[in-house]
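Visitor: Hi, I have a protein structure to look at, and I would like to go through it with someone. Could you walk me through it?

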Amino acid sequence: STNLLPRVDVFDSSIAYLRVDRVATGLDGIIAESLKGMMKTNKLQGAVIDLRFAGGDGYEAASSTADLFIGKARPLMNWGKGMTSAVAQPTDFALPVALLVNDQTSGAAEALTAVLRDTGTGLVFGSPTAGQAAIPKDFRLSNGQVLRVATQAVELGSGAKLSGPVNPDIDIQVSLEEERAYYANAFADLSTTNPPTDSEGTNSVSATNRTSRRNRFNEADLVREHNLRSRGEGGLAVERPPQAPVVNDPVLARALDVLKGLAVVRQSKH
């Protein structure tokens with residue numbers, strides 16, 4: 001279901017943005033289809049997987065989704081069904097990956113985050129996750145209900161145990177209230193009483209610095225302004241095309257900046 005991936009966008013015509021609602025069966029196929037669609041019209045240089053507020057218990061889906069980005073044989077994870085491995089074949093999606101998480105990221109979403117970092121494929125941005133990724137076991141109670149208990153830690157391909165929260169590589173502290181507002185609209189200016197709304201639903205932007213949007217004047221404009229004033233004609237406002245919306249979501253903005261920096265480094269090596 002596309003409900004697993006409720007939002008897909010491209011930033012700066014080069015960074016894919018994939019918002020995951022939950023990690024469940026079929027997520028890998030939906031992500032692959034979305035990325036292929038973006039690649040038809042954009043030269044992608046990185047991918048943001050937004051797992052804030054995401055959960056799910058699809059550990060197999062976490063493994064197969066991670067496999068999309070790896071492209072070589074290596075162990076991935078064991079959630080009680082034996083160690084899975086990435087496929088030894090080139091991938092169309094060999095992109096640097098940024099994973100956005102917070103304390104509402106739980107279960108298989110945490111496992112996906114941990115696997116991509118464990119394989120050196122992704123960097124994690126945000127705040128520590130919920131710490132709820134574990135191998136569950138069901139116990140049937142006398143009243144017919146089923147009690148699910150976490151009995152074992154998920155094991156990563158490196159041998160590390162996924163017990164407790166996944167800590168970010170780049171820690172960015174945002175209050176839950178602000179994060180929900182940015183999650184709803186990455187361009188929201190929370191310093192104003194009436195933040196702008198993302199009415200058109202587009203996240204295509206050309207800058208991720210957190211500067212205010214206003215007309216810029218160059219030196220020629222300033223000289224012209226000075227000459228007009230000196231002749232007593234008064235200053236005339238210089239019309240400038242509006243700047244592209246600025247991403248104010250601090251977690252997303254930092255991830256975009258890092259991915260664009262990595263793209264520059266990769267290009268300089270070729």
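Guide: What follows is a chat about this structure, which is a predicted model.

Visitor: Okay, how many helices and strands are there in the chain?

Guide: The chain holds six helices and twelve strands, and of its 270 residues, 44% count as buried.

Visitor: And what does the surface come to?

Guide: The accessible surface of the chain is about 14,200 Å², and 49% of that belongs to carbon and sulfur atoms.

Visitor: Which strands form the open sheet, and in what order?

Guide: Six strands make up that sheet, in the order β1-β2-β3-β6-β7-β12, and their pairing is mixed. The strands β1 (7-11) and β12 (170-171) stand at the edges with a single partner strand each, so one side of each has no neighbour in the sheet.

Visitor: How many bridges join β7 to β12?

Guide: Two bridges join them, and β7, which covers residues 122-126, runs parallel to β12. Within that pairing, Gly126 has Asp171 of β12 as its bridge partner.

Visitor: Where is Ser127 found?

Guide: Ser127 is in the loop between β7 and β8 (135-140).

Visitor: Is Ser127 buried or exposed?

Guide: Ser127 counts as buried because its relative accessibility is 12%, and the cut-off for buried is under 20%. Leaving aside neighbours within four places in sequence, Ser127 is in contact with Val101, Asn102, Asp103, Val166, Pro168, Ile172 and Gln173.

Visitor: Let's move to the inside. Which residues of the largest nonpolar core touch the most other members?

Guide: That core has 49 residues, and the ones that touch the most other members are Val23, Leu35, Ile49, Leu51, Phe69 and Met77. Several elements each supply at least two residues of this core, including the helices α1 (27-39) and α2 (59-67) and the strands β2 (15-19), β3 (46-50) and β4 (74-78). Helix α3 gives the most to this core, with seven residues.

Visitor: What does Leu51 touch, then?

Guide: Not counting residues up to four places away in sequence, Leu51 touches Val20, Val23, Leu99, Leu100, Val101, Thr105, Ala109, Leu112 and Thr113. There is also a second, separate core of 20 residues, which includes Ala98, Ile170, Phe187 and Val247.

Visitor: And which residues form the nonpolar patch on the surface?

Guide: Phe139, Leu141 and Leu147 form that patch, with about 240 Å² of accessible area together. Leu147 belongs to strand β9, residues 146-152, and with a relative accessibility of 42% Leu147 counts as partly exposed.

Visitor: New topic: how many salt bridges does the structure hold?

Guide: It holds eight salt bridges. In one of them Arg7 pairs with Asp9, where the closest N and O atoms are 3.1 Å apart, and both Arg7 and Asp9 are buried. In another, the side chains of Asp12 and Lys260 meet at 2.9 Å, N to O. Asp12 lies in the loop between β1 and β2, whereas Lys260 lies in helix α6 (residues 250-268), so this pair ties together parts that are 248 residues apart in sequence.

Visitor: Are Asp12 and Lys260 buried or partly exposed?

Guide: Asp12 is buried, with a relative accessible area of 19%, while Lys260 is partly exposed at 24%.

Visitor: What about Glu179 and Arg52?

Guide: Their side chains meet in a salt bridge at 3.3 Å, N to O. Glu179 is in helix α4 (residues 176-184) and Arg52 is in the loop between β3 and α2, so the pair ties together parts that are 127 residues apart in sequence.

Visitor: Last one: where does Ile15 lie, and what is it in contact with?

Guide: Ile15 lies in strand β2 and is buried, with a relative accessible area of 1%. Apart from neighbours within four places in sequence, its contacts include Asp9, Val10, Leu44, Val48, Leu256 and Lys260. Lys260 is also the residue whose side chain meets that of Asp12 in a salt bridge.

Key. Residues are numbered from 1 along each chain as its sequence is written. This is a predicted model: local features need pLDDT of at least 70, side-chain atom pairs count only at pLDDT 80 or more; totals for chains, interfaces and linings use all residues. Side-chain values use heavy atoms; hydrogens and water are left out. Patches are made of residues with over 30% relative accessible area and no salt bridge: like charges are joined within 9 Å, nonpolar side chains (Val, Leu, Ile, Met, Phe, Trp, Tyr) within 5 Å. Accessible areas come from the Shrake-Rupley method with a 1.4 Å probe; for residues, only the protein chains shown count as cover. A salt bridge is a side-chain nitrogen of Lys or Arg within 4 Å of a carboxyl oxygen of Asp or Glu. Helices (H or I, at least four residues) and strands (E, at least two) are DSSP runs, numbered from the N terminus. Buried means under 20% relative accessible area, exposed over 50%, partly exposed in between (1.4 Å probe, protein chains only). A nonpolar core is a set of buried Ala, Val, Leu, Ile, Met, Phe, Trp, Tyr and Cys residues joined through side-chain atoms within 4.5 Å. Contact means heavy atoms within 4.5 Å. Two strands pair if DSSP finds at least two bridges between them.
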